[in-house]
Amino acid sequence: METTAAGMAPAASEACVKCGLCAEKCPVGAIDPESMEADAQKCISCMRCVAVCPIGARKLNRVITSLGGVALGVLCASRKECELFL
């Protein structure tokens, strides 16, 4: 897993069977279909590769995912008033 400007690039685990579905479905072509490595510069962190993997072999680093959850928990801990910007 590599960090990008947009966020995170999921990496293929050892469970990857190199079926190529993640590379085929990547909207920006960030995954090399031969090595299954994601190009951190191209990846937009949409997580489509994670969603389409038939065996769940694409993963994010658990530490980074946990930190993101903590950050969201802090931001979403209290209800916010609706605002209208014109």
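Colleague: Where in the chain does Met47 lie?

Modeller: This is a predicted model: local features need pLDDT of at least 70, side-chain atom pairs count only at pLDDT 80 or more, and totals for chains, interfaces and linings use all residues. Residues are numbered from 1 along each chain as its sequence is written, and side-chain values use heavy atoms, with hydrogens and water left out. Helices (H or I, at least four residues) and strands (E, at least two) are DSSP runs, numbered from the N terminus. Met47 sits in the loop between H1 and H2.

Colleague: What is the phi of Met47?

Modeller: Met47 is not a glycine.

Colleague: Is Met47 buried, partly exposed or exposed?

Modeller: Buried means under 20% relative accessible area, exposed over 50%, and partly exposed in between (1.4 Å probe, protein chains only). Met47 has 24% relative accessibility, so Met47 counts as partly exposed.

Colleague: Lys18 also has a positive phi. Which loop holds Lys18?

Modeller: The phi of Lys18 is near 55°, and Lys18 is a residue other than glycine. Lys18 is placed in the loop between S3 and H1.

Colleague: Let's zoom out. What pattern does the chain follow along the sequence?

Modeller: The chain has three helices and four strands. Read along the sequence, they give β-β-β-α-α-β-α.

Colleague: What radius of gyration does the chain have?

Modeller: The radius is taken over C-alpha atoms, and the globule rule is 2.2 Å times the number of residues to the power 0.38. For a compact globule of 86 residues, that would be near 12 Å. The C-alpha atoms here fill a box of roughly 50 × 30 × 20 Å along the principal axes. The chain's radius of gyration is 16 Å.

Colleague: How much of the chain is buried?

Modeller: Take residue Ala9 in strand S2 (residues 8-9) as one case. At 3% relative accessibility, Ala9 counts as buried. Over the 86 residues of the chain, the buried share is 22%.

Colleague: Is Gly20 buried or exposed?

Modeller: Gly20 is in the loop between strand S3 (11-12) and H1. Its relative accessible area is 15%, so Gly20 is buried.

Colleague: How many disulfides are there by the distance rule?

Modeller: A disulfide is a covalent bond between the sulfur atoms of two cysteines. The rule asks for a pair of cysteine sulfur atoms within 2.5 Å. The closest cysteine sulfur to that of Cys26 is in Cys46, at 6.0 Å, which is too far for a bond. The count is zero.

Colleague: Last one. How far apart are the centres of the positive and negative sets?

Modeller: Lys and Arg count as positive, Asp and Glu as negative; His and the chain ends are not counted. Each charge is placed at NZ of Lys, CZ of Arg, CG of Asp or CD of Glu. There are 9 positive and 9 negative side chains, and the distance between the two centres is 7 Å.
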